[in-house]
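Here is a short briefing on a protein model. Look over the sequence and the structure before reading on.

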Amino acid sequence: MKVFIYPTNSLILSDLVERFGHEPLAIMQEIGKKVRTQGLDSPPMNITPEDPKFGLKYAAVEVPSGVRGRMSLMDPLLSKADAAIVVRDPVISFGCMGCARTNELVNFLLRAKKIPLLELDYPNTEEDAKSFVYKISEFLKSLKPAEEKK
Amino acid sequence: METITKMVVINSSKLLPSDVAMKLYESRADVMIKETCFGVMVSGEREVVDLLLSNVRKLDPYGIFIKERGFAPGEPYRCRATRRGGARPGFHNLETEDKILPHIASALKSLDRGEIPGQKKQKKKLDIDKFKEIIKGTEVQQ
């Protein structure tokens, strides 16, 4: 199954999801597509004419453009997500108002999508980490195994 | 065929990035390999890279962590050589998570041993009536 991870660029979550036999949906995949696309001057800073349309699905024109730009990257991930693992208030996701609003919107959309969702906190101690990994493994076991990649 | 880049972050006491790089070179796979301070970056066809890294993970299953990377090694948009130095974007994320990796490795070991972690006691919030009593108790009588 395709599992959305938040923070969307997390090494730990991406690794654990892959380790337990599922496919992580991380922002790096979308960035990679932009970087490999010919004709973009400075990926992922600039966008194609198609991208604002994806962003406008989630946020109105008067919403800061940063939110819509970020949502255009998140859209393919959110639409594909069959389940999600979310870390609450990660320090590394702290940023400008565009980042903050996008993070809020992503978390809202995940809840609104009514897919299996696991919410956790980043571990600080070994005991916390044991519980963190155990919860993720149990959550991923409860999902169907990943389909064979085409 | 899709070309991807994957980052191999090594947090192991028995494995160095050079060991992993040598193992990758030995495989003679059609991939680009870059050894870094945190591990190795591998760029190539998705099927080739995935198969190669699943074998590499066996060198130290608890000390090797893998994630995909959007940019290829040496990409001018990210490489410090063309950006006048400084931390590359994404470094701070890696640094933050790198600190937790020893805990995650230990947690994975205990998971494989079949250990079930105990429930952590959650601190209860202070009851409002008790709080009012405390306030009354500390009020100075005039």
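Among contacts in chain A between residues at least 6 apart in sequence, what percentage join residues at least 24 apart? The share is 58%. Keep in mind that this is a predicted model.

**Fold of chain A**
- Chain A has six helices and four strands.
- Follow the chain along its sequence and the order reads β-α-β-α-α-α-β-α-β-α.

**Size and packing of chain A**
- The C-alpha trace spans about 45 × 35 × 30 Å along its principal axes.
- Chain A has a radius of gyration of 16 Å. This agrees with a compact globule, because one with 150 residues would have a radius near 15 Å.
- Of the 150 residues in chain A, 38% are buried. To count as buried, a residue needs 20 or more other C-beta atoms within 10 Å of its own.

**Where chains A and B meet**
- Chain A gives 30 residues to the contact, and chain B gives 28 residues.
- On the side of chain B that touches chain A, three elements of chain B give two or more residues: β1 (3–10), β4 (64–69) and α3 (91–112).
- The largest share of that side comes from α3(B), with 13 residues.
- Sorted by class, the side of chain B that touches chain A holds 14 nonpolar, eight polar and six charged residues.

Notes
Residues are numbered from 1 along each chain as its sequence is written. Chains are lettered from A and ligands numbered from 1 in the order in which they are written. This is a predicted model: local features need pLDDT of at least 70, side-chain atom pairs count only at pLDDT 80 or more; totals for chains, interfaces and linings use all residues. The radius of gyration is taken over C-alpha atoms; the globule rule is 2.2 Å times the number of residues to the power 0.38. A residue is buried if 20 or more other C-beta atoms lie within 10 Å of its own, exposed if 12 or fewer, and partly exposed in between; C-beta atoms are placed from the backbone. Two residues are in contact if their C-beta atoms, placed from the backbone, lie within 7 Å. Ala, Val, Leu, Ile, Met, Phe, Trp, Tyr, Cys and Pro count as nonpolar, Asp, Glu, Lys and Arg as charged, and the others, Gly among them, as polar.
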